[in-house]
Amino acid sequence: MAKVAIVRCDSYDQELVNNAVKNGIDLLGGIQMICKPQERILLKPNVLLGTDPNNCVVTHFTVFKAVAQLVKEYGATVLYGDSPAGLQTMSTAMQKSQLARVAGELQIEPGDFDHGKAVSFPDGICSKQLTIANAVLDSDGVISLPKLKTHGLTRMTGAIKNQYGCVPGHQKGVYHAQFPDVYKFSRLLIDINRFVKPRLYVMDAVYAMEGNGPQSGEPKKLGLLLFSTDPVALDSVACRIINLNPRFVPTIKECEDAGLGSSSEDDIEILGEPLLSCVDKGFDVVRSAPIPVPENVILNRLRKFLVDKPIIAKAKCIRCLRCVQTCPVEPVKALSCDDNQKVPVFDYNRCIRCFCCHEVCPVKAIEIKSPKIKKLFPVISYVSLFLANRHSKKNRRVVS
Ligand code: SF4
Ligand code: SF4
């Protein structure tokens, strides 16, 4: 049975975080269950974009520091890193999020996330070859440090999605364009997770992000750290804490359907705090399943009236064009901005709704808009889930 430890942590005070991290890892059996002395252990925080840690976009540096200290004291060599979204380099992202400063204090070296190699993965259910960052390939094991946030594409991002940052730079956009359907994209994430196989997940939910995540939402205090060696169980528990049906999250649903874990409460043992005492019913998250991309051309056209779309708040836009540069649709991008336009303009017929543009906007000018019909008829959420189930059944392959 999968185990998830829930530990209260009221603030990012370093001593409080240290105690909570030690407590959580001990509940799972202790650091000796995770790594051995002399091993090279890579810490993989979520650094979507280097920003002030108080914005809640990145895993907080105190959580990173607490885990790094424990692993280091146990005698392992610690490395760290992540591949940020857009054109930002890892070095800039780590400095802005203060992780580089903390790593310097602990004399921890960064791994190479700017470059990677194509590796063969014959067991892949979505891709037999993956491009993975050198830092991951050079380590003996990975500890994943996700941040609990809402996400325009996958509803929430947590333990499973955090490994997408193990794909270096530009290749992330290539994968988005290659797998525009969120359910297929989630199966790619399954392959990446099965390849990387983190040994432990420590989720930062002291302050989570609600609303317009994963970059433009608002901090929401939950006062929790979550621990598990099972990413499906961990994300499912996180969903219950934010009052979201785990089956609405494509990453969880696809992992579960592929036999890689269970989101059922009956299959998960909760350690530490009782789950019910941690639930935030008012957490602002989209409570519906994304609609899959049908193969039928006419149905695909109809789908466009039901799916969320990115829009630009003109008054906020500073015309930096990061969104245009990041859009993975090639050769003609799905948003453009010529000299006569004050802000970029979307071509929704080309847009694959990957929301990469939304992730990189530095001034939160891009919002995700739900069609009115979805708000008027909440039953569409369950129709989406039904369609997603049918869609997945056609493509399902159970893996070991
Ligand atoms: S929408 Fe955001 S990312 Fe795009 S040009 Fe405007 S400010 Fe830059
Ligand atoms: S316009 Fe935005 S959401 Fe649409 S494909 Fe480009 S990056 Fe993705």
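A residue is called buried when its relative accessible area is under 20%, exposed when it is over 50%, and partly exposed in between, using a 1.4 Å probe and protein chains only. With that settled, I turn to the structure. This is a predicted model, in which local features need pLDDT of at least 70, side-chain atom pairs count only at pLDDT 80 or more, and totals for chains, interfaces and linings use all residues. Residues are numbered from 1 along each chain as its sequence is written, chains are lettered from A and ligands numbered from 1 in the order in which they are written, and side-chain values use heavy atoms, with hydrogens and water left out.

I begin with the backbone. Most residues other than glycine have a negative phi, and most peptide bonds are trans. Q38, although not a glycine, has a positive phi of about 80 degrees. Q38 sits in the loop between α1 (14-27) and β2 (40-45); helices (H or I, at least four residues) and strands (E, at least two) are DSSP runs, numbered from the N terminus. Q38 counts as exposed, at 67% relative accessibility. K197, also not a glycine, has a positive phi of about 45 degrees, and K197 is exposed at 61%.

Two peptide bonds are cis: G213 to P214, with omega near 15 degrees, and E330 to P331, with omega near -5 degrees. P214 belongs to the loop between β10 (200-210) and β11 (218-228).

Next, the ligands. A residue is near a molecule if one of its heavy atoms lies within 4 Å of it. Around ligand 1 we find, among others, C317, C320, C323 and C361. Ala, Val, Leu, Ile, Met, Phe, Trp, Tyr, Cys and Pro count as nonpolar, Asp, Glu, Lys and Arg as charged, and the others, Gly among them, as polar. On that basis the shell of ligand 1 has 11 nonpolar residues, no polar and one charged. Of the 14 residues around ligand 2, C327, C351, C354, F355 and C357 come nearest.
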